[in-house]
Amino acid sequence: MLYAPLMKAYGTQVVAGVAPGHGGQRVADIPVFDLVEQALEAVGKVDTTVIFVEPYRVLDAALEAIAAEIRQIVLITEGVPPLDMVRLARKADRVETLIVGPDSPGIIVPGQVLLGTHPPEFYTPGSVGLLSRSGTLTYEVALQLTQAGLGQSIAVGIGGDRIVGSSFQQWLQILEEDDQTDVIVLVGEIGGDSEETAARYIAEAIDKPVIAYIAGRTAPKNQPMGHAGAIIASLVAGWGTEIGTADSKIAAFKEAGIPVADRPSQISDLVKQALSSINV
Amino acid sequence: MNLLEYQAKELFQQMGIPILPSQRIDHPKDLKGLKIPYPVVLKSQVYTGGRGKAGGIRFAENTIDAIAAAQTIFHLSIKGHYPTVLLAEAKYEPDQELYLAVVLDRSQRRPLLLGSQAGGMEVQAAVRHIQQVVVDEEFSPFYARRLAIKMGLQGDLIELVSGIIEKMYRLFAEKDLDLVEINPLAVSRSGDVMALDGKVTANISALARHPDLAALREQLPRPGIGASTTLPSEMRLVELNGNIGILCNGAGLAMSTLDLVNQAGGKPANFLNLGGESDYRLPPNLLQERVQQGLDWMIQNADLNVILINLVGSVVPCDQIAAVIEVYLNQRRTGRRPTFVMRLVGQNFETAKQSLAALDVPVFDQLDAAIARAVVLSKD
């Protein structure tokens, strides 16, 4: 319960904690319950839950929240078994529950609400929507935006694990419709195909300006593996064998007409350019 | 975690997927006690593809031939890997070879069934013909039949092959696998099927709940530097060829810092991600302990002369991190001592900066400035 008091101090209405065996206690004046349903009986309807349990208990904790009709779930924990996430994703799709993470710093709406582990002092209210796969690199980018006088409308870490609950596309769509957001910064990294997919989606469906940054351009290449499942899946998906490299991702963004920053400090310049072209 | 072919086939057998009679060979002389009738195939057991082309698969008609072939294979490098085990298997003449796999599709967040009638060849070449079926909901055998039909199978083969796919899926789900592949699945004229080669990749995150798979990991040869095996599993050290050590908290931040050092003309010696950026538990002093531990491993790289530490977060105040570096430097007043450059953000930055200034350690709050200094110092 390190982060719950921090979230509460930031202004988030943290109404209850759940920790089996600790029911009846209070932490930073937050009442603790043994079961989610007991918490809801006492405090009424809850919009969102932030889950900090060990990896093998994440699926169960999320299913317990869904059973109690909580429809937004943030998973902080890293290293959740992928097939647990498949089960959770199937369930969440059926009941229209938004899952963020796992392996995520969660969501912050600067000046309003913190649902996760973002360091609030790095953020300031504004009109940049920040989407990222990382934790600390998100904080870095937010800090540099803040120092450049560019506040943020929201920052979302979609999660670093292989299977995550919500995609860049889902969040791009949410930010496209969000009145507070004028420009979107997408922070990606090597591995997987989420940036390539996002680039295609932006070209088709997003009108707001998007700036991208990719970490890992100079990271050593992975050892080639025999018949890697990822390669097969990406080939089948029509992405070619170079999927997941920085070159593939940067090329995808360029093809979609999205400026790609070379370094975190260049992001603010590109955001300013995008903002000035909107205001013209 | 990749399994060797013989380990994959043991799992196939447990699931009732037909495999040929085979025997594990740890030493060429084991072939004297071979229980499979000749002719046999001897196959190098390595964690890499391309062994057929490299000469890692040989046929033998009798014991003398087999021992000679085994000696050759044990000494044959396949892309830098030498086998510690061979698999001796009955020879089999298939009439038709299929490709089948179950993988996890990251973007769709669902398992994917893959299949093709053009099995037996390199996956890259076969990919054009591969059909796929997404397992959207709870698995049921109709997904397997759907794939069989898409593959163009007809008659009895539909049920026969979908039965194998179903078993592959059950194995995939029960053991938390990333990949189950059979290539080729041999089909004989009489309508028998046989998994001739197989590939299984287990998921590391789920390994702790599968003791049988975890035991296989214990038998794995440990590649690379011995040091990394004793670091906590969340901490990852990657060795490179330059002279700047990079220590960060978080994978994305570590990669970004590595890129910046390279872009500024520096040459990284190694980089270490302390991990724990989204740990569900945060015991007190975790970050400080990991910094100390990480430095001990990084410094073993003999070429390293500058260490750039970039830590971003706010839970641990800057002065507490500075204290770790102070203790570290004070313990090493003699002997080889790399130059430190720190980049910190958060509470008590000025205190940290002042206390480290006394030890000639520059502390920056701007990342680009820290990178520039580290690169300059590395060229002294």
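Helices here are DSSP runs of H or I with at least four residues, strands are runs of E with at least two, and both are numbered from the N terminus. On that basis chain A has ten helices and 13 strands.

Before going on, a note on what we are looking at. This is a predicted model, where local features need pLDDT of at least 70, side-chain atom pairs count only at pLDDT 80 or more, and totals for chains, interfaces and linings use all residues. Residues are numbered from 1 along each chain as its sequence is written, and chains are lettered from A and ligands numbered from 1 in the order in which they are written.

Chain A, then. The C-alpha trace spans about 55 × 50 × 30 Å along its principal axes. Its radius of gyration, taken over C-alpha atoms, is 19 Å, which agrees with the value near 19 Å for a compact globule of 280 residues, the rule being 2.2 Å times the number of residues to the power 0.38. Of those 280 residues, 53% are buried, that is, with 20 or more other C-beta atoms within 10 Å of their own, C-beta atoms being placed from the backbone.

An automatic or database assignment sets the domain bounds: domain 1 of chain A is 3-100 and domain 2 is 106-279. Their centres, over C-alpha atoms, are 26 Å apart. Contact means C-beta atoms, placed from the backbone, within 7 Å; by that rule 22 residues of domain 1 of chain A meet 18 of domain 2 of chain A. Which element of domain 1 gives the most to that side? It is α4(A), with six residues. The domain 1 side has 17 nonpolar residues, four polar and one charged. Nonpolar covers Ala, Val, Leu, Ile, Met, Phe, Trp, Tyr, Cys and Pro; charged is Asp, Glu, Lys and Arg; the others, Gly among them, are polar.

Now the contact between the chains. Chain A puts in 58 residues and chain B 55. On the side of chain B, α8(B) gives the most, with ten residues. By class, that side has 24 nonpolar, 17 polar and 14 charged residues.

Last, one helix of chain B. α6(B), residues 156-174, has 19 residues and reaches 28 Å from first C-alpha to last, close to the expected 27 Å, which is 1.5 Å times one less than its number of residues. Its buried residues include B:Ile164, B:Met168 and B:Phe172. The buried residues of α6(B) pack against elements of chain B including α1, α5 and β9. Just after the helix, B:Asp176 has a positive phi of about 55°.

Note on methods:
Buried ≥ 20, exposed ≤ 12 C-beta atoms within 10 Å, placed from the backbone. Contact = placed C-beta atoms within 7 Å.
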